[in-house]
Structures are given as structure tokens and as C-alpha cells.
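Hi everyone, thanks for coming.

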Amino acid sequence: SYYYRSKKFAYPRFDHYRIAWCYAGHHQCGTHAAFSFCRRMGYLKATHFVMDKQPVLATKSLGDHELCFGKRCRSFQSITCYR
């Protein structure tokens with residue numbers, strides 16, 4: 001069977017919440033959080049990711065599962081994962 005090598009996830013979610021830009025609290029932002037998301041989805045790594053410029057009402061971090069509510073929450077607009 002044929003497997004796609006890469007996949008772009010638009011507005012990625014974790015437990016019905018948008019994924020927070022930072023992996024845990026305000027640490028390991030961007031790259032580490034995107035890599036963790038891709039690993040959870042069964043991919044090897046994240047090749048590209050974009051931060052959403054607009055504030056998100058609710059996010060959840062992948063590391064400590066902390067919820068964020070309000071205008072200070074930042075999330076991913078997209079994450080591209082690679083096998």
C-alpha cells in the first residue's frame with residue numbers, strides 16, 4: 001500500500017483544544033511542540049510549522065497538558081509532519 005511521506009495539519013488539535021505554541025508553560029516553544037505533535041501522530045519529525053497570528057480562545061500544551069484561556073494564548077496555524 002502507498003503511504004504519504006508528509007502531511008500538513010491545519011489548525012492542529014489535542015483533546016479537542018488547539019495545540020499551544022509552547023510545549024510546557026512558556027518553555028520549548030515552536031520546534032519542540034511541533035515535533036511532539038508529529039510524533040504523537042505517528043510521524044518522525046516536523047518539517048514546517050506556522051504560528052497563528054490571531055489569539056486563540058483556548059489552547060492545551062502537549063507537555064504538561066495545561067489549558068490556556070483568553071487573548072494571551074498562542075497556537076499553531078499549521079504543522080507539516082514527515083515520515
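Predicted model: local features only at pLDDT ≥ 70, side-chain atom pairs only at ≥ 80, totals over all residues.

Residues are numbered from 1 along each chain as its sequence is written, and side-chain values use heavy atoms, with hydrogens and water left out.

So, how many disulfides are there? Taking a disulfide as a pair of cysteine sulfur atoms within 2.5 Å, the count is three. Counting bonded cysteines along the chain, the pattern reads 1-2, 3-6, 4-5.

Let's start with Cys22 and Cys29, whose sulfur atoms sit 1.8 Å apart. The torsion about their S-S bond is about 90°, so this disulfide is right-handed. For accessibility, buried means under 20% relative accessible area, exposed over 50%, and partly exposed in between, using a 1.4 Å probe and protein chains only. Cys22 is buried at 11%, while Cys29 is partly exposed at 34%.

Next, Cys38 bonds to Cys81, S to S 2.0 Å. Cys38 belongs to helix α1 (residues 31-40) and Cys81 to strand β9 (residues 76-82), so the pair ties together parts 43 residues apart in sequence. Helices (H or I, at least four residues) and strands (E, at least two) are DSSP runs, numbered from the N terminus. With a torsion of about -80°, the Cys38 and Cys81 disulfide is left-handed. Cys38 is buried at 0% relative accessibility, and Cys81 is buried at 0% too.

Finally, Cys68 and Cys73 are joined, S to S 2.1 Å. Their torsion is about -95°, so that disulfide is left-handed, and both cysteines are buried.
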